[in-house]
Amino acid sequence: MFANRILSGMRPTGSLHLGHYHGVIKNWVELQADHDCYFMVADWHALTTNYDDVAIIEKSIWDMVIDWLASGIDPEQATIFIQSKVPQHAELHLALSMVTPLGWLERVPTYKDQMEKLSQKDLATYGFLGYPLLQAADILIYKAGLVPVGEDQVPHIELTREVARRFNNLFGREPDFEERARAAVKKIGKAAKSFEQLRTRYLQDGDGEALLQARDILAASQNLGGADRERLLGYLENKGKIILPECEALLTAASKMPGLDGLKMSKSYKNTITMREAPADVSKKIRAMPTDPARVRRTDAGDPDKCPVWQLHQVYSDESTRDWVKQGCRSAGIGCIECKQPVIDGVLKEQQPMFERAEQYLSNPALVREIVFEGCRKAELVARETMKDVRSAIGLGY
Ligand code: TRP
Ligand code: SF4
């Protein structure tokens with residue numbers, strides 16, 4: 001397992017807006033400095049719901065990558081790639097599908113939710129039912145330790161863990177597992193004896209501290225190859241070899257990014273500001289925002305709590321500006337257009353560096369393609385290794 005490795009993805013189904021930026025991408029930018037990050041354009045995922053409008057997928061891919069780069073995702077630090085260009089995602093998805101009970105997929109909460117939400121589309125497809133399993137394959141193919149997700153995606157991470165566990169249980173029991181494990185213990189060297197003692201403490205007394213210490217020994221041992229390490233991780237818990245390690249969700253605080261109408265910013269509500277929205281349109285959109293309906297005339301006092309503009313002040317304004325708003329709104333001391341100006345300024349200020357970073361990519365599309373192709377190449381090197389283990393575990397190692 002790569003405890004420090006992060007995998008996350010986003011569907012290319014339209015232009016990204018500030019809700020994506022505040023909810024996901026800003027977090028990615030922070031993570032990339034001290035994690036081994038893989039950021040994926042989830043084009044197969046996009047097809048599961050957008051198979052009837054594929055043009056938008058191709059169009060969105062490059063714009064989306066430019067938005068990532070514009071936000072500060074750095075291709076020197078993070079690996080940016082396209083899911084379908086790394087064929088092992090589809091291959092592992094198929095392998096996992098053999099051992100995944102249908103009920104596990106039918107019970108994923110987003111399955112029924114999305115079917116109802118997108119009721120104008122026929123989502124009674126095999127691909128749509130299986131998409132959380134595809135997501136599991138996305139994560140497991142990189143043996144990623146951490147997956148940054150919002151609350152709504154946690155059931156997908158749970159499923160990923162269950163599928164990995166089942167796969168390891170089914171296929172990690174090589175015929176001569178015990179023998180190989182004992183041979184591997186010898187390779188640990190000096191710490192072999194304490195490893196065995198810690199294992200006994202864990203297996204007999206359920207001592208969790210002993211388990212952690214034994215894992216540390218494995219992590220620190222220079223002599224072990226990857227396969228032996230995975231074997232011993234399983235042996236330690238009296239399980240089979242760990243072929244696909246279980247990841248963990250890295251919960252990101254739910255984005256409170258409000259849209260122009262006060263509801264959550266979302267393309268389907270038509271209340272968005274896109275990430276690189278032209279400044280004139282930003283001003284126009286914010287000036288047109290509804291305010292507290294009680295403020296019909298400039299002289300009517302208002303209540304910020306009933307106004308969507310106030311929610312944007314929470315994101316973009318400092319405390320003194322917010323005091324100015326509260327004061328001025330309640331006393332009719334300021335007008336709504338006046339009140340909106342700091343929000344407009346805040347958005348424009350946030351977007352300024354994005355425009356600057358985007359410029360070199362917009363004027364040189366080949367550069368974007370190069371970054372993505374290099375990312376695909378790097379991702380595939382890792383994915384190929386995992387698939388080798390998986391194939392050999394399921395008897396397709398020829
Ligand atoms: N399912 C996510 C979405 O619909 C995108 C996604 C695909 C993803 N594969 C992933 C996210 C793997 C995290 C990890 O938005
Ligand atoms: Fe909303 Fe500001 Fe107008 Fe008050 S003054 S209603 S907070 S826009």
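What percentage of the 398 residues of the chain count as buried? In this predicted model, the share of buried residues is 47%.

**The whole chain.** Begin by selecting the entire chain in a cartoon view. The chain contains 17 helices and 5 strands. Along the principal axes, its C-alpha atoms fill a box of roughly 85 × 45 × 40 Å.

**The ligand and its shell.** Now select ligand 1 together with the residues around it: Leu-7, Ser-8, Gly-9, Arg-11, Met-40, His-45, Gln-135, Asp-138, Val-147 and Gln-153. By class, this shell has 3 nonpolar, 5 polar and 2 charged residues.

**Polar atoms beside the ligand.** Display the side chain of Arg-11, where an N or O atom is 2.6 Å from an oxygen atom of ligand 1. Proceed to Gln-135, whose side chain has an N or O atom 3.0 Å from a nitrogen atom of the ligand. Then select Asp-138, which places a polar side-chain atom 2.7 Å from a nitrogen atom of ligand 1. On its own, ligand 1 has 360 Å² of accessible area, and the protein covers 88% of it.

**The contributing elements.** Finally, colour β1 (2-10) and α7 (126-140), the elements that each give two or more residues to the shell around ligand 1. Which element provides the largest share of this shell? The answer is β1, with 3 residues.

Conventions: Residues numbered from 1 in each chain as written. Chains lettered and ligands numbered in written order. Predicted model: local features only at pLDDT ≥ 70, side-chain atom pairs only at ≥ 80, totals over all residues. Heavy atoms only, no water. Near = heavy atom within 4 Å. Polar contact = N/O pair within 3.5 Å; in protein donor to acceptor, adjacent residues only side chain to side chain. Areas by Shrake-Rupley, 256 points an atom, 1.4 Å probe, with all protein chains shown as cover. Helix = DSSP H or I, 4+ residues; strand = E, 2+ residues; numbered from the N terminus. Nonpolar A, V, L, I, M, F, W, Y, C, P; charged D, E, K, R; others polar. Buried < 20%, exposed > 50% of the residue type's maximum accessible area, 1.4 Å probe, protein only.
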